[in-house]
Amino acid sequence: MAQPIANKNSLKITRKSLPETLAESIRERILSGEFREGEALIQESLADEYAVSRMPVREALRQLEASGLVEMKNHKGAVVTSVPLDQIAELFDLRATLECNLLQHAVPLMTPASITHARSILLDLESAYERKDVAAWGTLNWELHRSLYEPAGRIQTLSIIQGINVQIDRYIRLQLLLSEDFSHADEEHFHIIEACAEGKVDEAVDLLRAHILGTKSSLLEAIKEYRANPAILQ
């Protein structure tokens, strides 16, 4: 008869596989703009660069394809995707619908600890902006939004929103690089958090919707500018 396992925690896998580690590294290079839209990701070159075989690189690229950052093309291999403007606009419209719905459910369930946590992330976000740390700002921006939605307890909706965030994060970072002043975003975040703290559901939702759709408009203009002249980032 099989004996019960004394410590089930010993079964937990804490280390990431090599393909997962490679996928994270390549993902960050795409999000940062090092690998640009339409650029081919050559398996042999990546394998040499990371000092690994082609097999884990191939698996990493498949993971990135599943998240929409890479497209596998016949005779070309992996290519960094370029999301059409109308699809980016659609993603922001989806964000507005889903995130406002989540916030509406989340605000009544927020605790003082929830608000304190959101305010703490906002301070880190402001610090990242002052340092012009685009990668940190992009990560913290999502963390702040997620902290506002988690009290709703709607895991599936939050997962969908996170998938959308993966698609648009690189463009938000691009906008940050091109913008001379992005402080308005942190100010908008501040007012959203304060409305949540005061339990003003409708006001918080209206502020969030305006924030997302305002970002959509300015971001689309930034992408048009960049695609017309990619050299502006050099």
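Modeller: Welcome! From the N terminus on, the elements of this protein run α-β-α-α-β-β-α-α-α-α-α-α. Please keep in mind that the model is predicted.

Colleague: Thanks! How many helices and strands does the secondary structure come to?

Modeller: Nine helices and three strands. The C-alpha atoms fill a box of roughly 70 × 55 × 30 Å along the principal axes, and buried residues make up 40% of the 234 residues.

Colleague: How is the protein divided into domains?

Modeller: Domain 1 covers 18–80 and domain 2 covers 85–228. Their C-alpha centres lie 27 Å apart.

Colleague: And how do I read the interface between them?

Modeller: Start with the general idea. The size of an interface is often given as the accessible area lost when the parts come together. Here, domain 1 and domain 2 bury about 860 Å² between them, and carbon and sulfur atoms give 43% of that area. Leu 31, Glu 37 and Leu 69 supply 57% of the area that domain 1 buries against domain 2, more than any other three residues. In terms of contacts, ten residues of domain 1 touch nine residues of domain 2.

Colleague: How many salt bridges are there between domain 1 and domain 2?

Modeller: The count is two.

Colleague: Let's turn to helices. What should the 14 residues of helix 1 span at 1.5 Å a residue?

Modeller: Helix 1 (residues 18–31) should span 20 Å, and its end C-alpha atoms are 20 Å apart, which agrees.

Colleague: Which residues of helix 4 are buried?

Modeller: An α-helix has 3.6 residues a turn, so residues three or four places apart point the same way. In helix 4, the buried residues are Ile 88, Ala 89, Leu 91, Phe 92, Arg 95, Ala 96, Glu 99, Cys 100, Leu 102, Leu 103 and Ala 106. They cover an arc of only 165° around the axis, which puts them on the same side of helix 4. Asp 86 and Thr 97, on the other side of helix 4, are exposed.

Colleague: What do the buried residues of helix 4 pack against?

Modeller: Helix 6 (134–149), helix 7 (155–178), helix 8 (183–197) and helix 9 (201–228).

Colleague: And which residues are buried in helix 1?

Modeller: Pro 19, Leu 22, Ala 23, Ile 26, Arg 29, Ile 30 and Leu 31 are. What covers them includes strand 1 (40–41), helix 2 (43–50), helix 3 (54–66), strand 2 (70–73), strand 3 (77–80) and helix 7. Just after helix 1, Gly 33 takes a positive phi of about 90°.

Colleague: Where is Lys 132 placed?

Modeller: Lys 132 sits in the loop between helix 5 (112–131) and helix 6. Lys 132 also has a positive phi of about 60° although it is not a glycine, and with a relative accessible area of 51% Lys 132 is exposed.

Key:
Residues numbered from 1 in each chain as written. Predicted model: local features only at pLDDT ≥ 70, side-chain atom pairs only at ≥ 80, totals over all residues. Heavy atoms only, no water. Buried < 20%, exposed > 50% of the residue type's maximum accessible area, 1.4 Å probe, protein only. Helix = DSSP H or I, 4+ residues; strand = E, 2+ residues; numbered from the N terminus. Arc of directions from axis to C-beta. Contact = heavy atoms within 4.5 Å. Domains from an automatic or database assignment. Buried area = accessible area lost by both parts, 1.4 Å probe. Salt bridge = Lys/Arg side-chain N within 4 Å of Asp/Glu carboxyl O. Expected span 1.5 Å × (residues − 1).
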